[in-house]
Amino acid sequence: MMNMQNHLEEFSVTDVRHTLGEVWRVVCSRRWYFVFPFCTVSTIALLCSLWVPRQYAGSTVIKREHDPVFASMAGENWTQPYNEIRQRMNQDLKDLSVIEQILEDMKLPEGLESFANGELTPMSIAARQAFAAEIAAGLKTTPLETSPQRDVISIGLTLSDAEHLPDILQRIRDRYISTARSKTTKVLREVEQFFQSESDRCRSQLAEVQKQLLEYELQYPGIDPEVTDKSRAEDAALVVERIQLERTIADLTEKRKAAADKAAGSFNASQPMVRPEDSLQPTGPNPRYAEIQREIEKVLREITDGRTVRFMTEQHPVIQRLRTRLKSLQEELSQTPPEQVITAKLPASPEAAREAEEAAARDREQRLADADAKIGAARGRQSEIEAQLKKLEEHRALAVEHRQDYLKVKREAGRLENELNAWAQNLGPIRHVMTVEDRDRTIHFTMIEDVRQVEKPVLPSIRNLMIICFGIGLAVGALTMLFVELVDRSYRTVKQLGTSLGIPVIEGIDEIVSQAVARKRMIRKYFLVPAAAVAAVSAMFLATTLAYLSVESPGAYEALRSTPAHAYQFVIGAK
Amino acid sequence: MGRIAEALKKAQLEREHQIRVGLAESTAPQADRVSATGEGPEEVCEIPSSRISQICSGLTRNRLTSIRGLGSAATSRRPAGPADPLPPWEVHPSLICVNERWSSIAEQYRAIRTWLLRRNTTGEHACLAITSSVQREGKSVTTANLAAIMAEVRHLNVLAVDCDFRGCSLSRLFMVPNSPGLADVLTGRATLAETMVKTPLGNLAILPAGQCQDRSPTELLNSPMAARVFDEIRERHHYVLVDTPPVQRLSDVGVIGALCSGILMVVRMHRTPSNLVRQSLHWLQSNNLNVVGCIAAACSPEDARHLYSDSRNDDY
């Protein structure tokens, strides 16, 4: 076992040694295939890095805190706007429209072409939009401290334009602060607007429904079962009047008959002369009767007002009292004669009596005529009342027919009224909060660190730049070396030749070269190739220096670039 | 140490003796010698194998001495004056085994020679085709250098044959005219004796490619004449090293390999794609050709040391 392990170890060591030897052989024999590509590619990469756009970074730190008074007053749920502001910070900062507006204020990018009327050309608009997009992409927020009511945030901007970077960042920050401050107001205004719009909608719908209700009520009086029907009072009055008219007609008919009989009896001498008190005596209207009628009308009017204007039901005590009063008045009216006898002294002499008799006869005739007229008027009035009552009955029947529709509309009106009341109740607190907000008690921003002027680019970093450039060079050099080694399928060692062919390798003969060739090779080996290597390394060193200065000291690099003489002085000075 | 120094001294004396013998033989025309005696190979075959091993061991020690010095240090140990018997010979600078005989690279070629000689203990005549997967891997330079280093063993008759009718690199390396050559022999326009080029090293001859003119190289190599020519030159030489076209480009090597006793593959390190090498080797083996080994060309010194330490570490 031990022997086997030793064998394996020996084999392993031999294998590793062989591999290392092969690697070393390749490195030694192909070293220039590595060195020159490495130097060349690294130099090219370093020189190309000079044209890589530099990215400069600026930052500012702000503290954002929610107003505790505002939060506590508005209630627990009123942290929503603050949370929303916190969540939407990146979107608010990177709002392209806002950034474009800032760029427009700053007239950036510089040198944009515009038309005669001052409007930008489409190409300029596209350039500005591209610049805004670059700014938006370079904006980054980093929360340094976070709590439910307070944040400390670092706003960073990475941009290729070092000159305008601080100003742009400052404007974006200020615009964000103003936007965030108005954010709660905006939310509230949106809510208020929503409530108001809903309220308006309900109001308009309610007006429409009420209009329908009014139309129903006008078209079909008494359609609302909960409201006293005015036509009922009219109906009752008409019925009462009809009864009175019937009674009056009956009385008048009876009196006329009596008067006509009396008149016929007076022309008959056999008949004794009756006293005026016993016959048709002169009568006049009964004032009490008229007074009771006025009282009845007054009571009916009060009942109507109570049911319609004050929305009293029949069970309301006032209405019941008025009904009782109406009933007693109607009973009294029925017992009160509409006219009363007027008492007068009779003349004593015969002429006077004859004259009085003639006068009485004329008077009777007149009274008969009047009675006939009254009876006719009463009958006419009775027929009118009958027509009115019939009409009222027809209206009532129609109202009953449309009552279900009316009630449906009325329920809708009630629902809308309730909804309208709810919106109105919500609007109150919002207006209260907005009043508070208008006094600047919302979100507070405090500047902790202002934007500073940037001098050195952050991208590309010199470390990454060197790693990438030299990495590319190393990779290309190594790949070139490996590629040449792989492509070269010739035999490198005699041992390899013998192993490959399977025939004995008699001898390895060194290369026979002439003196001229040997001289050329020597010159190439000891002069040309080292000189080329030194040149390549020098070029790489120069490119490295330029790349380093362009990142770490842009001012010095620009000075060197603008005046090559400075470069010489710099090199001399550096030496 | 004393034994090693003694052996080295003995090997050096043996080599000088061999060179002297070679110079004496080189005074006579090589073609005449080959054609007249026709027994050279038999004489060489009579050399005892122990003798060859002794020579090889001496050469190996020389190589080790040189490799230990590495490069210029090895060259600085080059024996001066009479110890360097090679007469003035203008060849291409790539022929390092002629120009810098004591360099480390020459020692590496000597190692190849040693490997070949040790493999051929019976002393048979060998005909080796040297090929590669693609062009410019160093097969012609390897052929030329290997021929030169083989010819250092004076009792061995070595012939370098250029069968790459399109490249004709061997004649450029040895700086000899390309024509007349093997193509002319195969077409019957010339004889072997007319086409073989002698070198200052008496036991090394070169057979250039020649001009195919209107015949295609494949047609020439597939002709019965080619087999007869190869049989003849193999009879006359102990070692025939044939430079061939690359495997991936032409199929000539298949024909040439069939005429030879073995194939050596040259693989240029750090350049030739391994898949092509494997593909070429597979193609050769699928044609029943005897690939005896491969030579890693253009190695770095570290690779050479690696192989050296791997293969010969146990000797020390």
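**View 1. Strands E2 and E5 of chain B, side by side.** In this predicted model, strand E2 (residues 158-162) of chain B runs parallel to strand E5 (residues 239-243) of chain B, and five bridges join them. Helices (H or I, at least four residues) and strands (E, at least two) are DSSP runs, numbered from the N terminus. Look for Asp162(B): its bridge partner in E5(B) is Asp243(B). Residues are numbered from 1 along each chain as its sequence is written, and chains are lettered from A in the order in which they are written. Local features need pLDDT of at least 70 and side-chain atom pairs count only at pLDDT 80 or more, while totals for chains, interfaces and linings use all residues.

**View 2. An open sheet with strands from chains A and B.** Eight strands line up as E7(A)-E7(B)-E6(B)-E1(B)-E5(B)-E2(B)-E4(B)-E3(B), with mixed pairing; two strands pair if DSSP finds at least two bridges between them. At the edges sit E7 (505-510) of chain A and E3 (197-198) of chain B, each pairing on one side only.

**View 3. Where chain A meets chain B.** The contact takes 21 residues from chain A and 36 residues from chain B, where contact means C-beta atoms, placed from the backbone, within 7 Å. On the chain A side, helix H15 (494-501) and E7 each supply at least two residues. E7(A) gives the most to that side, with six residues.

**View 4. The largest nonpolar core.** A nonpolar core is a set of buried Ala, Val, Leu, Ile, Met, Phe, Trp, Tyr and Cys residues joined through C-beta atoms within 7 Å. Buried means 20 or more other C-beta atoms within 10 Å of a residue's own, and exposed means 12 or fewer. Of the 88 residues here, Leu241(B), Val242(B) and Ala296(B) touch the most other members. Strand E7 (residues 291-299) of chain B brings the largest share, eight residues. Not counting residues up to four places away in sequence, Val242(B) touches several residues, including Cys127(B), Ile130(B), Val161(B) and Cys260(B).

View 5. Leu322(A), Leu326(A) and Leu329(A) are buried in H11(A). Seen down the helix axis, the buried residues fall within an arc of 70° (taken from the directions from the axis to the C-beta atoms), so they line one face of H11(A). These buried residues pack against helix H10 (287-308) of chain A. On the other side, the exposed residues include Thr324(A), Lys327(A) and Glu331(A).

Terms used:
Contact = placed C-beta atoms within 7 Å.
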